[in-house]
Amino acid sequence: DGVWRLLEMGVQTIVERGAGTAAGFHDDKYEEAGATIVDEAEVYRKGQIILKVREPQVSEGQLLDDSVGRDELEMATGKVLVCPLPPGDRQSILERAAKLLGEGTLLDPFCVPRISKAQKLDVLSSMGKCAGHRAVMEAAQLYQGFFTGEITAAGKFPPARVLILGVGVAGLAAIGTSVAMGAEVFAWDVRDIRDQVQSLGANWVSVDFKEEGSGAGGYAKESSSAFQEAQRATFARYCKGMDIVITTAAIPGRPSPRLILTHMVEDMKAGSVIVDLAALGGGNCELTRPGETYMYRDRVWIVGKMDLPSRMAKQASAMYSNNMCNLVEELGGAKMVDRTKLRLDSMDDIQRGVTVVRDGEITWPPPRLQEPSAPPAQTASTPAAPPAPKRKEPTWRDQKFTADVLGHRISVTAGAMFGVGWQMALLAAVALLAPENLVSLLFIEVLACAVGLLLVANVQPALHTPLMSVSNAISGQVILGGVMQVSAPAGSFTMLMGTLAIFVAAVNIGGGFVVTHRMLAMFVSGKGGGEQEVDAQVIGRETDAARLVSAVD
């Protein structure tokens, strides 16, 4: 897939013969994707951009094995070399690269800045994901028990209890895998990220000590001595009941913090397992031996392997390939070589961060990225008193009239008397001008409003729509009234209002039945007979509505 992506960017790919065989990627697959298979020396001779999985091998023996008899930094003179550098030997490699690369450039993908835009390039996160998953697999191989709880004819067996210290990318991966395997998981981190931990199904371990643990660039910072004492007391209490402990706490460029001490290991149950993912920096466990797996005093397995991503090479290679393709794309694709010649102050944050050697000069570490500014602190202050309301000037409506009525003193404003007066005048005018059946019509209107209010108020809200849509059939009364009024002289006001009433009522009735039909169809599965059944129900409801209209008449 990486070869295809590079070809789409216009980048021709040369692959060292047998480079991916151990990870399950054979040479014929690379050739099918469009790559050219050559020897290692030919790769360095023809390639302009050299992408490596491991740190460069040198002839002086500082790294790896000096029996190889070659210096890859010297072979990459004048090239753009992209490869991760180990934190412990970084400075010595940088100094040698500055001497041997000449006008070449060395890019370290481990130095990708921790910003949102660069997440797709973050090799450390990709390898951390693989390491966290693999750590659980390593622990499961050594732990001689069920991960998930079991109830069998032979008895009931509880689930394994897993403690994960450090909830970064690797820790989150370990939590997800452990929970998926059925274990009871507990997790801790110096940062309060209990929401993330609990969302994955794990339990949060709280240390009874308040301290902010977030450091620059998204990493955790080193804790104070007082906090370390409090956390060790908490860990000692939890370790006694754990079957598996996985530690992932590491600070870039510094020794790994000691989280598990000797007395904690001695208090753990026999057969327990500790997997230390921070073994490269010395280990989070005091008894970790970097690169080794052994049983401490025939009681506790301690795993200090430093190559856990390599133990799932196929997955790690696929993720690393995606990271490298994203890096090439981010740096210009086919124009990447020209892009590396930019002045340092003209590079963006990503390119400047990964550029560690250029033109014979060490450019690492890069300038520190500006931290996002915190929102201004709100100072506690006494809220200002609200302004006093303006006093309203009295008008003639506010003038009061007082009288004694049956021994009670009553005050009435002029505005209230005026309102009662015009209402009485309106009623008198209606009584003199309205037809004789006005009283009966008003009584029917008030009764209809009361019945409608009681009907709707006692129905569940979810049924309001079908109820109101079926009750629209009563609008047939409006059509009858409109039909009686359209016989008035042509062009008269009565005829126009009757026509409008017929139109509005027809829309109301038709729309009511359409809505009812659609709502009933929501409760019918399938087609054919189901649709006929709904139609029959609607027709039955229409008949009921017609009977209701007849009853009202």
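Let me start with the right-handed β-α-β unit that β8, helix α7 (residues 169-180) and β9 make in this predicted model, where right-handed says that, with the strands pointing away from the viewer, the path from the first strand over the helix to the second runs clockwise. The helices (H or I, at least four residues) and strands (E, at least two) are DSSP runs, numbered from the N terminus.

Strand β8 (residues 161-165) pairs with β9 in the parallel sense over five bridges, and two strands count as paired if DSSP finds at least two bridges between them. Within that pairing, I164 stands opposite A187 in β9. Turning to the other partner, β9 is joined by two bridges to the parallel strand β10 (residues 203-204), and here A187 stands opposite W204 in β10.

Now the cysteines: the structure holds zero disulfides, a disulfide being a pair of cysteine sulfur atoms within 2.5 Å. For C285, the closest cysteine sulfur, in C239, is 8.8 Å away, too far for a bond. C285 counts as buried because its relative accessibility is 0%, and C83 counts as buried at 0% as well.

On conventions, residues are numbered from 1 along each chain as its sequence is written. In this predicted model local features need pLDDT of at least 70, side-chain atom pairs count only at pLDDT 80 or more, and totals for chains, interfaces and linings use all residues, while side-chain values use heavy atoms, with hydrogens and water left out.

Technical notes:
Buried means under 20% relative accessible area, exposed over 50%, partly exposed in between (1.4 Å probe, protein chains only).
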